[in-house]
Amino acid sequence: MKEPAAKRGVEISVSLDGETSTSLNANPDVVIVGAGSAGIAAARRLLASGLSVTVLEARGRIGGRTVTRLFKGHPLDLGAHWLHAGPINPLVKLGHGRGEPLRRAPVNGHFFVHGRPGSRAQRAALDRAFAMADRAMTQAAKAHEDQPAARTLPPMGPQGRRVAAIHGLVSGRPLDEVSLHDFPSMEYSDNLFIAGGLGAYVRRLGHDLPVRLNTAVRAIDWSGQGVRIDSSAGTLQASAVIVTTPMAVLQQGAIRFAPALPTTIGEAVHGFTQGVYEHVVLHWPDSPFRGADRLASLTGTHRQPPGLLTRIDGTPFHFFELDQPTAAAFDRRDIHAPYRYAREVLAEQFGYRAIQNLSAVYSTAWRHDPWSRASWAVVPPGLYAIRDVLKAPVGERIWFAGEALSRAQWGTAGGAWEEGERAAGEIIAHLR
Ligand SMILES: Cc1cc2nc3c(=O)[nH]c(=O)nc-3n(C[C@H](O)[C@H](O)[C@H](O)COP(=O)(O)OP(=O)(O)OC[C@H]3O[C@@H](n4cnc5c(N)ncnc54)[C@H](O)[C@@H]3O)c2cc1C
């Protein structure tokens, strides 16, 4: 380990999220690129071990793809909202330990057929289709050869199309663009929510960390000893760097590596496709759904939303989710297109009268955001190995972390946290 940072460091004074002020070290043991879940987890772990850390964050806030905003006084998540895979999600374990206000997500959702509650038999048919699809994919994934997840689905008629649409939504791409070997490894059971929002929780976890906001990293030079990090706020020098930048941002060449990354690593970075999942936030006091936080399956009409989360936290707010094909069809310049689409689909189901007091208050566009460019990274068929390829450090100086590397919790805040901790743990062992 190098000598303590305070003795050596050049210090930069910055304001953290406009709230507190902290001094940052331009010569720490470790630089972390990005203050999302992975970056925050890594920073906490490194600091707890006694190493010095500087986190550089391009945005004017911490949290990355987790962020909570107030709408009419209610906190709503514009990025991650669910804590998936409760038993293995590190954010759940940590939350329980801190006494955070976690609550179980309801298991049963609403089921409507052309605006009316569906029968028990209709609901059972959909449940059966899900079970059949899961069995078929799990079975097929045991084969050596990878293939598109969609190819293994048995013919199931309209129920099958609905199952494929929902799995496509949570995968971030239609199932014919998703690796079968990657798909069933995701654990979606035992979901939780947190009062006040997941973004606010992650932000609490990152409070008081040495983060420099509004600072984009442009280049990482690992040609000599350690690493030199070129950022919009100047150059930093460290023993190691953890890069948590989303894959889609790296693919755009936002960070130049000198020398270039080894071919296997570069190919892995460029192997991912962009997962798309966007919230259209609806305020709908008279919606037909009762209870809080339930998913609604709307069937029997021409267009069906693959995801609708109703009465979030018991409020009149709903998330109408956009999948990749739907979002891709919108003209980027027409910011009202998602609102119109959500209204039309709900009117088709319930009639115009039922949506009279529905208003759309926000529509996310993570796919166009320069610091995310996607909701999460997706592994296409045949590239199953790329998550693991990125876990190997480059020159024992550059570690990658973030949601894209997680095997069992890919695409999630919990997976990003797990990967941030993994990278930090490896650096601690290495520097000692
Ligand atoms: C709409 C939506 C809904 C979602 N729903 C869920 C959900 O319900 N549950 C769940 O678990 N997950 C969900 N996710 C996914 C989850 O948000 C992400 O997987 C997770 O937050 C990613 O964390 P990360 O640390 O890997 O990346 P990020 O959170 O993206 O953090 C990376 C950070 O790097 C910064 N950065 C980028 N480039 C640079 C640069 N050059 N220099 C400096 N900083 C840079 C970014 O600004 C960002 O803050 C959702 C995502 C979206 C978009």
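Val163 lies in helix α5 (residues 157-171), where helices (H or I, at least four residues) and strands (E, at least two) are DSSP runs numbered from the N terminus. The model is predicted: local features need pLDDT of at least 70, side-chain atom pairs count only at pLDDT 80 or more, and totals for chains, interfaces and linings use all residues. Residues are numbered from 1 along each chain as its sequence is written, and side-chain values use heavy atoms, with hydrogens and water left out.

Val163 counts as buried because its relative accessibility is 0% (buried means under 20% relative accessible area, exposed over 50%, partly exposed in between; 1.4 Å probe, protein chains only). Leaving aside residues up to four places away in sequence, Val163 touches Leu126, Ala129, Phe130 and Ala133 (contact means heavy atoms within 4.5 Å). Asp127 is 36 residues from Val163 in sequence, with a C-alpha to C-alpha distance of 9.2 Å.

An open sheet is formed by 5 strands in the order β11-β4-β3-β15-β24, with parallel pairing (two strands pair if DSSP finds at least two bridges between them). β11 (211-212) and β24 (398-400) are at the edges with a single partner strand each, so one side of each has no neighbour in the sheet. β4 (residues 53-56) pairs with β11 in the parallel sense over 2 bridges, and Leu56 stands opposite Arg212 in β11.

Helix α2 (residues 37-48) packs on the sheet, touching β3 (30-33), β4 and β15 (240-243), and its direction makes about 165° with that of β3. Helix α12 (residues 413-431) also packs on the sheet, in contact with β3, β15 and β24, at about 155° to the direction of β24. For these angles, axes are lines fitted to C-alpha atoms, for helices over the stretch in contact, and angles run from 0 to 180 degrees between N-to-C directions.
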